Amino acid sequence: MNLQHAMRFPGGRKKAFTLSYDDCVTQDIPFIQMLRRLGLKATFNVNSGHLGQKDHIIREGKRVEHDHVSEAEFKSLYEGFEVALHTVSHPSLTMLDNAQALCQVIEDKAALERLAGYPVRGMAYPGGSYDARIIELLKLCGVRFCRVVETTGDFSLPREALAWQCSCHHWDLEKLIQPFLSGFSGIQPWLLSVWGHSFEFDQRDDWAVIRDQLERLSGHEDVWYASNIEIFDYMDAYDALKWTVQGDVAFNPSAVDVWVWLEGVGEACVPAGQCARLTPQAV
């Protein structure tokens with residue numbers, strides 16, 4: 001008999017929560033202070049060519065400051081959070097030829113890696129602009145995932161890593177909080193993923209709203225709080241498991257412990273670099 005199995009997040013958790021924010025604007029400073037206080041993880045998608053730039057935008061008829069974080073404050077501000085690509089200067093990538101698009105990604109990657117001190121592997125499309133050609137270019141650049149602006153409205157895991165749709169924009173977060181926290185159904189784990197721009201909290205004067213929402217989402221033992229790349233790396237580790245035909249033994253070739261749900265067994269851990277027999281007696 002072949003046993004059905006599904007991924008579980010670290011510790012056997014069924015749920016995970018992650019945030020994705022764009023443009024490296026100075027509103028990230030109070031936002032990150034909030035996230036640190038609440039013990040939350042987030043990914044910040046950065047335009048390296050805009051660092052230190054002073055700017056403003058008009059949104060919904062309101063002038064909103066759109067100043068960018070400087071290089072001097074970059075490392076300490078984003079320490080402990082994932083930094084990801086957003087291109088050098090935020091162009092519509094589909095309007096560029098291959099060489100121009102590659103330069104926007106690779107030069108951004110090199111600049112951010114110099115500042116952050118680690119390989120930068122995630123990304124968000126500027127303005128949500130992408131197509132099949134751009135996806136193929138990102139594969140050449142070593143980009144593991146790239147977030148779009150369309151959303152799913154649910155808690156499903158990413159279906160297409162280089163066209164990743166989050167659960168919602170933060171303006172639509174409220175209606176998903178209670179369903180996410182109060183229940184679980186099905187076999188596959190749930191991921192609540194939220195995207196936005198921190199300057200939008202100024203745009204609608206809703207800093208108090210996001211603070212209340214994140215306070216309600218934080219501190220739950222059954223939720224894994226992770227950056228975007230942590231989610232994708234963990235999914236990769238799960239996908240790398242090697243199973244027997246019967247599905248009762250798994251080998252984990254990765255360097256991290258991987259948790260699984262197994263039919264008739266429940267949640268169990270397959271330790272890093274080890275083989276585990278997953279039977280009812282093993283739990």
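Is glutamate 200 buried or exposed, and what is its relative accessible area? Glutamate 200 is buried, at a relative accessible area of 3%. Here, buried means under 20% relative accessible area, exposed means over 50%, and partly exposed lies in between (1.4 Å probe, protein chains only).

Before the close-ups, a word on the model. This is a predicted model, in which local features need pLDDT of at least 70 and side-chain atom pairs count only at pLDDT 80 or more, while totals for chains, interfaces and linings use all residues. Residues are numbered from 1 along each chain as its sequence is written, and side-chain values use heavy atoms, with hydrogens and water left out.

**View A. Glutamate 200 and arginine 59 form a salt bridge.** A salt bridge is a side-chain nitrogen of Lys or Arg within 4 Å of a carboxyl oxygen of Asp or Glu, and by this rule the count comes to 17. In this pair, the closest N and O atoms are 3.9 Å apart. The two residues link distant parts of the chain: glutamate 200 sits in helix H6 (residues 200-203) and arginine 59 in strand S4 (residues 56-59), 141 residues apart. Helices (H or I, at least four residues) and strands (E, at least two) are DSSP runs, numbered from the N terminus. Glutamate 200 is buried, whereas arginine 59 counts as partly exposed at 30% relative accessibility.

**View B. Glutamate 60 meets arginine 204 in a salt bridge.** Look for the closest N and O atoms, 2.8 Å apart. Glutamate 60 lies in the loop between S4 and strand S5 (62-65), and arginine 204 in the loop between H6 and helix H7 (207-217), so the pair ties together parts that are 144 residues apart in sequence. Glutamate 60 is exposed, with a relative accessible area of 56%, and arginine 204 is partly exposed, at 39%.

**View C. Aspartate 205 and lysine 62 are joined by a salt bridge.** Their N to O distance is 3.1 Å. With aspartate 205 in the loop between H6 and H7 and lysine 62 in strand S5, the pair ties together parts 143 residues apart in sequence. Aspartate 205 counts as exposed at 62% relative accessibility; lysine 62 is partly exposed, with a relative accessible area of 28%.

**View D. Glu174, Asp212 and Arg216 are linked in a network of salt bridges.**

**View E. Lysine 109 is a buried residue of helix H3 (residues 98-116).** Its relative accessible area is 14%. Not counting residues up to four places away in sequence, lysine 109 touches Leu85, Val120 and Cys141, where contact means heavy atoms within 4.5 Å.
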